[in-house]
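Welcome to this guided tour!

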Amino acid sequence: MKKTAASKKTPRKHSGKRNKKPWFWRVFIRVSLIGLALLAGWTVYLDAVVTSRFEGRRFEVPSRVYARPLELYSGASVTAGGLQRELELAGYRAGRSDSAGTYRRNGGQFEIHTRGFRFTDGEELRRRLSLSIFNDRVQDFTVTAGPPSPIVRLEPAQIGGIYPAHKEDRVLVQLQEVPELFRNTLMAVEDQDFYDHLGIAPLSIARAMLANIRAGRIVQGGSTLTQQLVKNFFLTRDQTLLRKGNEALMSLLLELHYQKDDILETYINEVYVGQAGTRAIHGFGLASQFYFGESIDDLENHQIAMLVGLVKGPSYYNPRRHPERAKSRRNLVLGVMADSGLITEQEASRARGQPLGVSVRASYSENRYPAYIDLVRRHLARDYRQEDLQSEGLRIFTTLDPAIQYAAEFAVTDTLKSIDGGAKGALESAMVVTSRDSGEVLALVGGRDPQYAGFNRAVDARRPIGSLVKPFIYLTALQNPDKYTLITPVQDTGFSLVFDDDRRWEPRNYDRKERGDVPLHKALSNSYNLPAVRVGLDVGVEAVTQTLQDFGVTDSISRYPSMLLGTVPMTPVTVAQIYQGLATSGFNTPLRTIRRVTDSRGEALSRYSLKVDQVADSASVHLVQYAMQEAMQEGTGRSVYRRVPRELTLAGKTGTTDDGRDSWFAGFSGDLLAVTWVGRDDNGPTMFTGATGALPVWARFMGQVPQHGFSPVVPDGVAYQWVNSEQVALTDEGCENARFMPFIVGSEPDTEVSCGGGIERRLRGWFEGLFE
Amino acid sequence: MTSKFIKPFTLVILAGALAACASGPGGDSIYVPAGTDETTAPEPPQLDRGTDEPRVERKSEQPDTERRAPSYQDEGDAVPAAASSLMRSAEDLLAAGNAQAAVSQLERAQRIAPRSAAVYFKLSEAYVALDQLGSAEQFTLKGLSLSGSDSSLQRSGWLLLADIRRARGNMAGADQAEARAGTL
């Protein structure tokens, strides 16, 4: 039994042994086949990944947002400090003016070496300019090198970008734009056999090791450019064997499909070279601008060496943070350049002697103007999709004026600090500044901390406008000159309105006083409520609403009589829009933040042109402008001239809502229209009126900006007359109460009064006139 | 189209308008340098260049009793040299049939000379060439609002307006504008 059992066992055993080999091979072959199939599948998959990524849109290039270019010419309005800030913002280096992108300042004397810029309407060539600034104006403007021109635009400063979600920023360059020396240096340092290998190069790994041993430290990496590109492009950063395998496989695949030049160009645009906040700096095109403020084809030897050296460790060799490390790395690269014969030993040693020459800060800081960029994005959203803005490398040329923005931010922050007192920071503010005749938005402040990219009050805070509505009431009335002129008596006496549901409304003046009959111009310049409501009810709430809509209000307006005291809510930007028509003799000019949008090559995609649209006759607007100037000289805005020169002859209007919840001011000079708002986000009461809250901000701003005074051209059909406005009669120039006031021809009074004081006063007036 | 019909005429008129503007007295707005009180950000000292331009006095330097009347002027501003050069290049572009580029140059000129009627009349001409007669009419009106007492500028503007209105089929408006020009 045992034997049998054994014999039985043995053949079994035997047969097992005999069967083991084919079984093993069968499994092995099967596994291999499956493995091969998997590998083939994987390869096919990787191939699809590589080709689709490489073939399709290779890069998402953020859109670039630019400030308006500064125009320089004899007579241009700019302060010396403003010009210097403008140059700094555009990344100009101070001290010398020997190469493009540099300037020298001596007091009011400037020498500027412009870089040139391709605008959509023509190229601005490189020039050297000489000019001086005296009394905030450019004088002796001359082009000392380059083609002569009476007017030159500086290249616009970049003020922001619209980034894809991953926050990669880059400026695409084409291979032929990259200097040969740059390409050769890159290959000499990173991948000597780039044009010969198949994507991976075991030989170069060995050579790199050798070179590193010889140098005593790591001077070369073993990965080919292709491998580095694959690593950046497709893979995560963890160092696993599987990843290494994928990297090698994908490198081979990439080389199989694409030309060396394509791969090199992609590498040059992909490589990671630094960080600015959350923004990742990719590619040498942007790196040149980011570190040197130069375009890649203008780089000098030492700059090329530094950028190529950065590839090995952009944060370790960060030239702004670790200048010593960056410099020794740069000098090492210069050595490689000389050893490879790319530059001579002399050139190398000269370059080693150069300072790093990195611009002090990034050419612009991200989100320097969050409120403004926010409005730009909203305007862009009318015509562009967010995905395209984040990826197509569009260039957006805005109307932002950095000097005006600077003054506006300063006016808001500084004034709020000084008037805040008891409010302990609860007080907020917003400001909009536009160019009076073009409607271009020059500056926007969204809150008392202009750097904070939060609630944008200039665009989103809809608050009752209070007395800012009054000019529109009187304008509506003055359009009927048979009934209303600037001197028509209007009743400043109380009354009550009883509605159908028995509710009563009893409007009151701010000071609770009643003055009986007052001339219309005084009622407006002193912002009396009772006459405004009476006139408004006389012309009709509907007519006033229509005027507001003609001037640019698009939201619905509720037709309650209380709207005549400004219960209608608006944003500061909307107020700026409707005051545009008051400031420009009845021409509505749509507010714009964008002049042009171009593609990445500079071809225009959209133009946003100046538009004007007459919405009220110039004559009646001229009368309102008179009263709005009077408001600044004798009325509610008179405190303004404590801070600004009287020559500005400003026009404006205060606005206050109940318990000082909103303090508004809207007004204009010859060049600028500005709207300010002060109040609390929680709509709580404050101790301010339009004159004590918003006006100080406005005045602080106006006092800082050189500009032309407001002096409207007398329109057709308007004539000035000497009148006694209290007595509604023509009078003599010398009389004490005489005012020289505009009338729509035919509406001037037909009675005449002589001076109350008789001949003596008239004579004195006459003599005074003689010696004026 | 319609614009081709009126173009030669407007060119003649505008040549007249610009010539008048160059020769006539300008009612130039007053330029006021920035206040330099203690609240503005400090600036480094500037070179003193003497007094070749009158320095505007601060309020504190003036007698307090002074009362100013609201300001106005009888004519729009003269066109400064820099804006003139842009308008000339716009004319060249218009002559070469590139009206869109001319608009770009004229918008630059407008930013420099926003209170000069001639710039708006030129813009109107460019929009006529682009066959955008609605815009052309509006720019003519804007120019007219700045022509003030300059009767030759007024006349050119009203005639231009008459042309544009006629081309738009607004015969009554055209006659009205022409009659207005006739009184000047």
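Which residue of strand 11 of chain A is the bridge partner of A:Tyr66? Select A:Tyr66 and look across: the partner is A:Gln158. Before moving on, please remember that this is a predicted model.

**Stop 1: a sheet in chain A**

Stay with that pair and select the two strands around it. Strand 1 (residues 63–66) and strand 11 of chain A pair in the antiparallel sense, over 4 bridges. Another pair to click on is A:Val65, which stands opposite A:Gly160 in strand 11 of chain A.

Now widen your selection to the whole sheet. It is an open sheet of 5 strands in chain A, with the order 11-1-15-25-26 and mixed pairing. Strand 11 and strand 26 (604–607) of chain A stand at the edges with a single partner strand each, so one side of each has no neighbour in the sheet. If you follow the sheet across, the twist averages 20° from one strand to the next. As a general rule, the side chains of a regular strand alternate between the two faces of the sheet.

**Stop 2: a loop residue**

Next, select A:Thr278. You will find A:Thr278 in the loop between strand 13 (272–276) and strand 14 (279–282) of chain A. Is A:Thr278 buried or exposed? A:Thr278 counts as exposed, because it has 10 C-beta neighbours inside 10 Å, and the cut-off for exposed is 12 or fewer.

**Stop 3: a buried helix**

Select residues 470–478 of chain A, which form helix 16. Here 9 of the 9 residues are buried, so helix 16 of chain A is largely enclosed by the rest of the structure. Among the buried residues are A:Phe472, A:Ile473, A:Tyr474 and A:Leu475, and also A:Lys470. To see what surrounds them, show their packing partners in chain A, including helix 17 (520–525), helix 18 (529–539), helix 20 (572–583), helix 21 and strand 28 (651–656).

**Stop 4: domains 3 and 4**

Colour chain A by domain: domain 1 (69–155), domain 2 (161–352), domain 3 (411–704) and domain 4 (718–771). The C-alpha centres of domain 3 and domain 4 of chain A lie 31 Å apart. Where these two meet, 13 residues of domain 3 of chain A are in contact with 11 residues of domain 4 of chain A. Helix 21 of chain A gives the most to the domain 3 side, with 5 residues. That side divides into 8 nonpolar, 4 polar and 1 charged.

Now look at an open sheet of 3 strands in chain A, with the order 33-32-34 and antiparallel pairing. Its edge strands are strand 33 (729–730) and strand 34 (738–744) of chain A, each pairing on one side only. Strand 32 (residues 718–724) and strand 34 of chain A pair over 7 bridges, and A:Val718 stands opposite A:Ile744. Helix 21 of chain A lies across strand 32 and strand 34, running at about 155° to strand 34 of chain A.

**Stop 5: where the chains meet**

Show both chains. 58 residues of chain A are in contact with 55 residues of chain B. Which helix of chain A gives the most to the side that touches chain B? Helix 21 of chain A does, with 5 residues. By class, this side of chain A has 22 nonpolar, 23 polar and 13 charged residues.

Click on A:Gln707 to find B:Val32 opposite.

**Stop 6: the nonpolar cores**

The largest nonpolar core has 190 residues, and those touching the most other members include A:Leu72, A:Met431 and B:Ala126. Helix 4 (residues 117–129) of chain B gives the most to this core, with 10 residues. Apart from this core lies another of 49 residues, among them A:Leu225 and A:Phe284. In soluble globular proteins, nonpolar side chains tend to be buried together.

How values were computed. Residues numbered from 1 in each chain as written. Chains lettered and ligands numbered in written order. Predicted model: local features only at pLDDT ≥ 70, side-chain atom pairs only at ≥ 80, totals over all residues. Contact = placed C-beta atoms within 7 Å. Nonpolar A, V, L, I, M, F, W, Y, C, P; charged D, E, K, R; others polar. Pairing = 2+ DSSP bridges. Domains from an automatic or database assignment. Buried ≥ 20, exposed ≤ 12 C-beta atoms within 10 Å, placed from the backbone. Core = buried A, V, L, I, M, F, W, Y, C linked by C-beta atoms within 7 Å. Axes fitted to C-alpha atoms, helices over the stretch in contact; angles between N-to-C directions.
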